[in-house]
There are 2 protein chains.
Amino acid sequence: MSAPKIVFSRRLRQTPFEQRALEQGAKAFTVYNHMPLSSVYESPEEDYAHLCEHVQVWDVACERQVEVVGKDALALVELVTPRDISKCAIGQCFYAPVCDENGGVVNDPIIIRLAEDRFWVSIADSDVLLWMKGIAYGRAMDVSVFEPDVSPLAVQGPKSFDLMADLVGEHIRDIRFFWFIETEIAGTEVILARSGWSGQGGFEIYLQDSSRGLDLWDAVWRAGEKYNIWAGCPNLIERLETGLLSYGSDMTLDNNPLECGLDRFFKLGKPAEYMCREALDTIAAQGVARKVVNLKVMDDKLTAPRSTWNVKNETGEVVGILTSLAYSPKYEANLCFATIDAAYGNQGQTLIVDIGGSGFREGVVCDLKWNQGASI
Amino acid sequence: MSAPKIVFSRRLRQTPFEQRALEQGAKAFTVYNHMPLSSVYESPEEDYAHLCEHVQVWDVACERQVEVVGKDALALVELVTPRDISKCAIGQCFYAPVCDENGGVVNDPIIIRLAEDRFWVSIADSDVLLWMKGIAYGRAMDVSVFEPDVSPLAVQGPKSFDLMADLVGEHIRDIRFFWFIETEIAGTEVILARSGWSGQGGFEIYLQDSSRGLDLWDAVWRAGEKYNIWAGCPNLIERLETGLLSYGSDMTLDNNPLECGLDRFFKLGKPAEYMCREALDTIAAQGVARKVVNLKVMDDKLTAPRSTWNVKNETGEVVGILTSLAYSPKYEANLCFATIDAAYGNQGQTLIVDIGGSGFREGVVCDLKWNQGASI
């Protein structure tokens, strides 16, 4: 049977850049925040190789914003995350897990501080709008929570700096990682952040008028022609190599941020009230039961599972699940994320992947840089 | 350019029936509640014709449940909808819009009462789980809100009654519309409701153990072979003929239930507290500014727009948007849902549809049964 098609309707909301993505040959899509997100142009391997060497423009309008504004804006944003948002300066972006009262991960957005009492929560794939609106209503907080007309367009890859300097000015080279400036491109006001869902460097341009999407795309495209620009999208191979977890795939509401290793982005016990304080304190005191780990599987190139594969210890007991997989040309190995019982989650641990009932492969737990440790 | 493919990953959660849907030739999918939902098997026209004459089994696992259980369960369910849920008996299902404090439609689920203090909210495509968890947390309500392991399998079409009588027993013919029984099929406990997202009659079987999905599908399939069963899915032509609005396409958070005509399912002013009381009272007193209407466009068979088309009055002024469209063999017309300024939303009103800048077509506002009134 041939690979099934995707059917668009108004419910899968059209992006301001979608027409260009299709014209440039997007072959396959996923859906993210009720919006299409392209996932392949040439092939995952060709898209990856180009991204690592040149520059790409990505329609990531599906990274929707939840705007939080008003007297209680900071209090609400603080309430939903263990990260200390009071330390986020105006002009800065914080990667911050949003957790429920049990510590379950609701989303892992980037929180952008636009003003003292105005934030954009730039979300992964779950309706944080409803989450934060519900809490604000329940608490009778003095805050407005809504989805603004904001659509990010990413410019990613090593040549993105030259491209954006040509397009906007040399001063863009001074934007620090996870900071932003307000500027104008193609005659429309944008927020220009040095960020993006790859490890190849680049920017995210937050368009604030969806009627100007094609103009913005075209302006980036023209500036990129001399740098061999392609249309692209978040690339599975690259995100595995770089170690970017995907909410919904590698962590869900069933995971807490400590077992996901997200506590490298925050310190428990910030001064402000936050709803997962007690839950995370308890987990921290007891130690995590599971760990989300980097698992390297040597051997032949594997095709990723539809959903998950079981991971076993040497006696055949299931000790975890594999949640993402891509074959990396750089490491000449299958790079995987897996959620593993903590006892088996240490660097250098050998594990067995049950590849969908059709065989077994040996894997080894690595650190975040895919080092497998001295024991192997 | 050929129609783009859909790419599955763990984030687009695998359904318990998905393997069979693919084996039966599902050609295209959409995504609904972070899960694939098939949208075509043979062709929309053939699927439609078969559904109206025979029986189909549909993988609608994407109709996820939000379980609400505990001392404050009724209070929480009452809080989020204007419909009087105290009148929903145990064993009954209520179609009930969920609205925010401004009256905006968050979802239009079916609320299933399993016990005095236990409900399933069977949702359309938005994260009602986060909405209700957020409110419950904010209000410190004594209630548990979670997504249980429950996946509906629909059996739809005129022969569904004979099929289910063969499979479960003649007593299934006594289940009233929007009521349910608890029973066992293929050795697994299910909730069997007389409901479903078509006007052709049928049942929804709520599987409560996803590991038994293929067994349940196979049992239905075997019982259906003598009735010419097909695999199917919610069909656009049939839903337009029947008048079923789709959340996200025909109404969004930007619409209130009064302008959507959903007030035929509830009466304002129920005794219990509900969060949209004041907003809906105000809208009701002022009269709605817009109406979601049935719009019939004669002429040739049109291809539905990617998102919306503008609808104009006879002087060319934009007075609304068309949100869904399908050509109906039964009515020999394009049946559409459209959101129209109230002044132009009365039965018999003639309107002009701007079909994506490539021409215009005349349409007429109809009642819910597609009667266009005496004026035409």
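Predicted model: local features only at pLDDT ≥ 70, side-chain atom pairs only at ≥ 80, totals over all residues.

Visitor: What radius of gyration does chain A have, against that of a compact globule?
Guide: Chain A has 21 Å, which agrees with the value near 21 Å for a compact globule of 376 residues. The radius is taken over C-alpha atoms, and the globule rule is 2.2 Å times the number of residues to the power 0.38. Along its principal axes, the C-alpha trace of chain A spans about 65 × 50 × 40 Å.

Visitor: How many helices and strands are in chain A?
Guide: Chain A has 8 helices and 22 strands. Both are DSSP runs numbered from the N terminus, helices being H or I with at least four residues and strands E with at least two.

Visitor: And what percentage of its residues count as buried?
Guide: Of the 376 residues of chain A, 56% are buried. A residue is buried if 20 or more other C-beta atoms lie within 10 Å of its own, exposed if 12 or fewer, and partly exposed in between, with C-beta atoms placed from the backbone. As for contacts in chain A between residues at least 6 apart in sequence, 65% join residues at least 24 apart. Two residues are in contact if their C-beta atoms, placed from the backbone, lie within 7 Å.

Visitor: Which domains are assigned in chain A?
Guide: Domain 1 covers 18–63 + 150–240, and domain 2 covers 65–148 + 256–286. Such bounds come from an automatic or database domain assignment. The centres of the two domains of chain A, taken over C-alpha atoms, are 26 Å apart. Their contact takes 9 residues from domain 1 of chain A and 11 residues from domain 2 of chain A.

Visitor: Turning to the two chains, what rotation superposes chain B on chain A?
Guide: A rotation of 180 degrees does so, with 0.0 Å of shift along its axis and an RMSD of 0.0 Å. That is the relation of a two-fold axis. The copies are superposed by least squares on the C-alpha atoms of residues with pLDDT of at least 70 in both. Both copies use the same surface, since 100% of the contact residues of chain B recur in chain A.

Visitor: How many residues does each chain give to the contact?
Guide: Chain B gives 44 residues and chain A gives 44 residues. On the side of chain B that touches chain A, the largest share, 7 residues, comes from helix 4 of chain B. That side divides into 18 nonpolar, 15 polar and 11 charged residues. Here Ala, Val, Leu, Ile, Met, Phe, Trp, Tyr, Cys and Pro count as nonpolar, Asp, Glu, Lys and Arg as charged, and the others, Gly among them, as polar.

Visitor: Back to chain A: which residues of helix 2 are buried?
Guide: In helix 2 (residues 44–53) of chain A, they are Asp47(A), Tyr48(A) and Leu51(A). They lie on the same side of helix 2 of chain A because they cover an arc of only 100 degrees around the axis. The arc is that of the directions from the helix axis to the C-beta atoms. Glu46(A) and Glu53(A), on the other side of helix 2 of chain A, are exposed.

Visitor: What covers those buried residues?
Guide: The cover includes strand 3 (35–40), strand 4 (56–59), strand 12 (151–156), strand 16 (230–232) and helix 7 (236–242) of chain A. Ala231(A) is placed in strand 16 of chain A. Ala231(A) is buried, with 23 other C-beta atoms within 10 Å. Leaving aside neighbours within four places in sequence, the contacts of Ala231(A) include Ala21(A), Tyr41(A) and Val57(A).

Visitor: Where is Phe178(A)?
Guide: Phe178(A) is in the loop between helix 5 (160–168) and strand 13 (180–185) of chain A. Its phi is near 70 degrees, a positive value in a residue other than glycine. Phe178(A) counts as partly exposed, with 15 C-beta neighbours inside 10 Å.

Visitor: Finally, is Leu335(B) buried or exposed?
Guide: Leu335(B) is buried, with 25 other C-beta atoms within 10 Å. Leu335(B) is found in strand 20 (residues 333–341) of chain B. The C-alpha atoms of Leu335(B) and Leu240(B) are separated by 6.2 Å, although the two are 95 residues apart along the chain.

Terms used. Residues numbered from 1 in each chain as written. Chains lettered and ligands numbered in written order.
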